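Here's a friendly walk through one protein model, a few spots at a time. Have a look at the sequence and the structure, then read on.

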Amino acid sequence: MSLLLRRLGKLCHGQPAAAVVKRSSLLISYHSYSSSSLLQTPPCFVLTVSPCGEDLGKLVIVNANEFCITDLEKKVPLDLVDTDHLVGASNGWVATLKDGGIVRLQDDLNPFASDTNPKRIPLPPLVTLPRCQTQMVTNMAMSSSSPEDEDCVVSLKFFGPQLSFCKPGGKPEWTNIRIANPCFYSSPVVFSKKHGMFRILASGGYLIGSWDARIDKKSKPKFQRLRFRNVPKLSKTKRELLNSCCTSEHLVESGTTGETFLVKLYRRPRASGSEKMQTKALMVFKIDDEGNAVYTQDIGDLCIFISKSEPFCVPASSFPGMPSNRVAFLDFDENVYISVPYSNIIGGNCPYLAPYHIPPQNIV
């Protein structure tokens, strides 16, 4: 835990690791992530699970507006984070994939869900389309905050051409689509409330494909070609740095402002021969309805959260202490905050078994 504390200390805007303290209470925001007046929790992620006997562990989380460790009493099965069965997350729900192609949705890793009555929703066995595979999952996305909602559609994107949809609240069955364009094969899927469709950003970020959330097999996907505008002129040093990096593109939508952003992250190995990746830079583009992707260094009051979970963004002012105009990035081996105006990077490398940002949760 001392290593985790030292790593986490880097997130505290220059404060020493001693400023990171343990807390046992949950922090609740009295501001809303949306336009309603519901009480909500701040965004957070599971830092680790502390074993407490009987194959169970207690959640240890970090709230995005405090950068301190919070020990919870909530217990979860240790094998949930000690195996590679986790294949995705969205809105605080995780998806596990077991032998036989059985997908199960569960809320165990949501710090604000019940530990005495955890919810487990099994989905039908996966159906693999010809010349496709369903063992390697890119990610999961959902059309609403809970798969228990009657109209919620769950989407699984697999490495390769297959995209699958299921409606847990109705008659659960998989609707499987084979994507023709290879530029979408390695990209994650997200749900757009603004468009009411599941969207995939093609590799390279020049094309967006959209599929109807009503999971109608006959409906054809829509495509939007992006035109990059206001791209900054780079110095030779900066250009060489970006060219030496692996690039990933992420599509993120703001539920409060209605804006859509394309975030490009540039990462490379921490050292020669190292498997640990380190974020070196980012670029943010604001996408308008005409397909113009305009470079920006100002996303205003927003903070964007990118992880192995479905990405989201929130107004920072709704959660006192949260930095605005930032991108929070969490992966299996890295946790950083990146300043959009200056590309300053705060954070570092550390292992994370469940690198999923959890968006604000309504308090009932």
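## A polar pair at Q40

The side chains of Q40 and N362 make a polar contact at 2.5 Å. A polar contact here is a pair of N or O atoms within 3.5 Å, where one must be able to donate a hydrogen and the other to accept it, and residues adjacent in sequence count only if both atoms are side-chain atoms. You'll find Q40 in the loop between β1 (22-23) and β2 (44-53). Strands are DSSP runs of E, at least two residues long, and are numbered from the N terminus. With a relative accessibility of 4%, Q40 counts as buried; buried means under 20% relative accessible area, exposed means over 50%, and partly exposed is in between, using a 1.4 Å probe and protein chains only.

A quick word on ground rules: this is a predicted model, so local features need pLDDT of at least 70 and side-chain atom pairs count only at pLDDT 80 or more, while totals for chains, interfaces and linings use all residues. Residues are numbered from 1 along each chain as its sequence is written, and side-chain values use heavy atoms, with hydrogens and water left out.

## A four-stranded open sheet

Next up is an open sheet of four strands, in the order β9-β10-β11-β12, with antiparallel pairing. The edges belong to β9 (137-142) and β12 (175-178), each with a single partner strand, so one side of each has no neighbour in the sheet. On average, neighbouring strands here are turned by 20° against each other, direction ignored; the axes behind that angle are lines fitted to C-alpha atoms, and angles between N-to-C directions run from 0 to 180 degrees.

Strands count as paired if DSSP finds at least two bridges between them. β9 and β10 (residues 154-158) run antiparallel and are joined by five bridges. Within that pairing, A141 stands opposite S155 in β10.

Is Y185 buried or partly exposed? With 23% relative accessibility, Y185 counts as partly exposed. This residue sits in the loop between β12 and β13 (189-192). Leaving aside neighbours within four places in sequence, Y185 is in contact (heavy atoms within 4.5 Å) with T138, K157, F158, F159, G160, P161, I179 and A180. Y185 and A202 are 17 residues apart in sequence, and their C-alpha atoms are 8.1 Å apart in space.

## A293, fully tucked away

A293 belongs to strand β21 (residues 292-296). Its relative accessible area is 0%, so A293 is buried. Not counting residues up to four places away in sequence, A293 touches R227, F228, R229, F285, K286 and I287. The C-alpha atoms of A293 and V231 are separated by 9.3 Å, though these residues are 62 apart along the chain.

β22 (residues 302-306) is mostly covered, with five of its five residues buried. L302, I304 and I306 point one way, C303 and F305 point the other, and all are buried.

Which strands does β22 pair with? Four bridges join β22 to β23 (residues 312-315), and these two run antiparallel. They form a hairpin with five residues between them, and F305 has F312 as its bridge partner in β23. Another four bridges join β22 to β24, this time running parallel, with C303 opposite R326 in β24.

S307 lies in the loop between β22 and β23 and is buried, with a relative accessible area of 13%. The side chain of S307 reaches the backbone nitrogen of H357 at 2.9 Å, and a polar atom of the S307 side chain lies 3.1 Å from the backbone nitrogen of S309. Leaving aside neighbours within four places in sequence, S307 is in contact with L330, P355, Y356 and H357.

## On a 1 Å grid over the protein atoms alone, a pocket is an open set of points with protein on both sides within 12 Å along at least five of seven lines, a cavity is a set of points where a 1.4 Å probe fits but cannot get out, and lining residues have an atom within 4 Å of a point. Grid points are joined across faces, edges and corners, and a volume is the space filled by probe spheres set on the points. This pocket is lined by 37 residues, of which T138, S186, P188, H250 and K308 lie nearest its centre. The largest share of the lining, six residues, comes from β18.

A search of the whole structure finds four cavities of 30 Å³ or more. The largest cavity has a volume of about 70 Å³. Of its 13 lining residues, F45, V62, A64, Y337 and H357 lie nearest the centre. The elements giving two or more residues to that lining are β2, β3 (56-63) and β25 (334-339).
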